[in-house]
Amino acid sequence: MKIEIEDLRFTYPAGIEAVCGISLSIDPGEQVAIVGQNGSGKTTLVKHFNGLLQPTSGVVKVGDWDTRKVSVAKLAARVGYVFQNPDEQLFCRTVGEEVAFGPRNLGIELHKRETLVRETLQLVGADQMQHANPYDLSATWRKMVALASVLAMDTDVVILDEPTTGQDAATVDRIAHVVSELRKRDKTVITITHDIDFCAENFERVIALARGQVLLDGPTKSVVGQEDVLAQTYVEPPQLTRLGQKLGLKQTVRNQEEFLSELGRQIAL
Amino acid sequence: MAVVNLKQVNYKYPLTDTAALSGVDLEVNEGEFVAIVGPNGAGKSTLCYALAGFVPHFFKGELEGTVEVAGVETKSSTLSQWVLNVGLAFQNPFNQISGAKYTVYEEIAFGLENLGVPREEMRARVDQALAVTGIGDLADRSPYSLSGGQQQRVALTSILVMQPKVLVLDEPTSQMDPVGTREVFGVIRSLAERGMTVIMAEHKVEWVARYADRVVALFGGRILMDGKPAEVLTSEQLLGRGFGISRYTTAARAAANLGLWPESRPLPVTLDEAVAGFGTQLSRRKRGEG
């Protein structure tokens with residue numbers, strides 16, 4: 001499902017212009033990370049993809065639908081949005097009901113719905129929690145349930161708003177596993193994140209926003225290597241990219257495997 | 001001198017069987033900056049709540065042992081007295097912002113209003129706190145119109161304005177960009193140097209290594225390690241237990257197995273340490289010594 005944005009502008013009712021003329025497109029099955037300083041317009045931009053916000057001017061299209069002409073409820077069949085704060089999203093009495101709620105609303109028939117709920121809970125590692133009340137779970141697991149409840153809708157586009165915030169290393173690994181599963185299923189995944197290391201290790205394209213505009217947009221390796229430009233939007237390159245730059249490695253590296261290989265190559269020279 | 005003193009603290013939340021804290025002994029000196037690290041569910045937030053008096057005054061449950069701040073025990077104090085000594089910034093700023101105020105300025109003054117601080121003093125303290133955390137430009141905005149990272153700064157400022165002896169922070173930069181994170185760690189470091197005691201639960205270990213005096217590693221409600229940041233954060237005891245490990249540490253550990261990290265050198269946690277270690281290796285090989 002292609003997403004196309006043409007000269008998007010958005011001004012909040014209080015007069016703050018949060019998105020100031022963005023044009024870009026995201027191809028079906030792409031894995032895109034959106035980075036940028038607090039207040040750079042990341043969340044405002046992606047809330048246009050599922051119709052939570054409507055352009056002040058410009059056009060946002062999801063597939064062949066213009067988001068100004070389609071209801072949020074209808075868009076929900078194409079775009080799933082996992083909020084930064086799971087407590088904005090959870091309301092059912094059990095995890096099972098919570099995860100089944102979205103597919104039921106979309107009219108998915110019972111048998112397929114049950115399969116989706118079971119598979120999705122397995123994917124996020126919450127299959128033993130089906131009968132628990134979401135609010136008896138820790139914040140970590142509430143976040144995973146919120147993620148499952150969106151994945152169960154089997155939308156073509158999945159938006160993850162700050163998925164790794166406040167999560168420990170094991171949970172970040174689990175979220176990375178979910179992203180890689182979605183890649184195998186040809187889903188479009190769009191994440192907003194400050195976790196540049198997570199972004200470098202799991203996403204192929206990075207869009208950096210600054211003051212409501214696109215500062216950089218391209219393959220991850222080329223974007224994360226541009227330290228001086230990223231600094232304009234308070235983004236620092238991933239840890240191992242910075243280390244490679246400081247050591248004068250010739251190639252930009254974005255993960256441990258690339259770092260060790262490039263280091264070994266340079267030492268052998 | 002120890003301003004915070006926990007002795008054999010055991011705690012279970014109501015209606016639960018598993019202890020959230022077990023046998024926790026912790027002394028923190030005045031002006032010390034202590035970071036608490038651990039996987040989710042290790043007890044970091046519960047420890048913050050115990051220090052801030054929310055355990056046992058808000059969360060009931062079973063509390064054994066003693067939690068003392070400035071010589072006063074939490075069980076013999078009330079929450080309204082306790083907050084004069086200890087300020088807590090919650091992990092999630094949405095839980096902290098009162099919802100009763102229209103502007104950031106009023107939100108930050110809210111705690112002082114409740115204490116009946118004279119108007120002029122209140123203005124001076126709010127202005128000073130806004131300057132310390134660098135959010136003066138947000139003063140007239142609604143707290144709810146801000147991004148997550150900006151809200152976290154507001155939540156932190158609303159605690160700093162109370163001038164507590166002990167500042168307890170539960171992942172105060174989780175939603176901030178790197179520049180915001182660096183600034184907040186810098187502010188907290190300078191507050192500690194001026195005598196404020198800081199206890200911070202945090203996953204960002206590279207920042208912890210650069211700024212904290214000491215690291216306490218919690219696992220399963222118990223203290224697993226307590227020591228200098230570089231020792232604790234590179235310890236093999238943390239492996240396989242869900243602790244955050246710096247990518248520099250992990251890369252150097254893997255490099256050591258390939259002969260690409262100097263044998264006798266301690267593992268790095270920060271960028272500078274990694275550059276120094278790998279840099280030595282690169283130059284030795286170039287000189288043909290490796």
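Predicted model: local features only at pLDDT ≥ 70, side-chain atom pairs only at ≥ 80, totals over all residues.
**A conversation about chains A and B**

Me: How many residues does helix 5 of chain B have, and how far does it reach?

Reply: Helix 5 of chain B has 15 residues. From its first C-alpha to its last it reaches 21 Å, close to the 21 Å expected at 1.5 Å a residue.

Me: Which residues of that helix are buried?

Reply: The buried residues of helix 5 of chain B are Val126(B), Ala129(B), Leu130(B) and Thr133(B). They lie on the same side of the helix, because the arc they cover around the axis is only 100 degrees.

Me: Why would residues three or four places apart point the same way?

Reply: An α-helix has 3.6 residues a turn, so residues three or four places apart point the same way.

Me: And what covers the buried ones?

Reply: The cover over the buried residues of helix 5 of chain B includes helix 4 (104-115), helix 6 (148-160) and helix 7 of chain B.

Me: Which residues are exposed on the other side?

Reply: On the other side of helix 5 of chain B, the exposed residues are Glu120(B), Glu121(B), Ala124(B), Gln128(B) and Ala131(B).

Me: Where is Arg123(B)?

Reply: Arg123(B) is in helix 5 (residues 119-133) of chain B. Arg123(B) counts as partly exposed because 14 other C-beta atoms lie within 10 Å.

Me: Changing topic: which peptide bond in chain B is cis?

Reply: A cis peptide bond joins Val55(B) and Pro56(B), with omega about 10 degrees. Pro56(B) belongs to helix 2 (residues 54-57) of chain B.

Me: Which residues have a positive phi although they are not glycines?

Reply: Among them are Arg211(A), with a phi of about 45 degrees, and Glu171(B), with a phi of about 45 degrees.

Me: Buried or exposed, and where are they?

Reply: Arg211(A) is in the loop between strand 9 (205-210) and strand 10 (213-219) of chain A. With 16 other C-beta atoms within 10 Å, Arg211(A) is partly exposed. Glu171(B) is in the loop between strand 7 (166-170) and helix 7 (178-193) of chain B. That residue is buried, since 22 other C-beta atoms lie within 10 Å.

Me: How are strand 9 and strand 10 of chain A joined?

Reply: Six bridges join these two strands of chain A, which run antiparallel. In this pairing, Ala208(A) stands opposite Leu216(A) of strand 10 of chain A.

Me: What sheet do six strands of chain A form?

Reply: They form an open sheet of mixed pairing, in the order 6-7-8-3-9-10. Strand 6 (79-82) and strand 10 of chain A are the edge strands, each pairing on one side only. From one strand to the next, the twist averages 15 degrees.

Me: Which helix packs on the sheet?

Reply: Helix 5 (residues 139-151) of chain A packs on the sheet and touches strand 6 and strand 7 (157-161) of chain A. The direction of this helix makes about 175 degrees with that of strand 6 of chain A.

Terms used. Residues numbered from 1 in each chain as written. Chains lettered and ligands numbered in written order. Helix = DSSP H or I, 4+ residues; strand = E, 2+ residues; numbered from the N terminus. Buried ≥ 20, exposed ≤ 12 C-beta atoms within 10 Å, placed from the backbone. Expected span 1.5 Å × (residues − 1). Arc of directions from axis to C-beta. Contact = placed C-beta atoms within 7 Å. Pairing = 2+ DSSP bridges. Axes fitted to C-alpha atoms, helices over the stretch in contact; angles between N-to-C directions.
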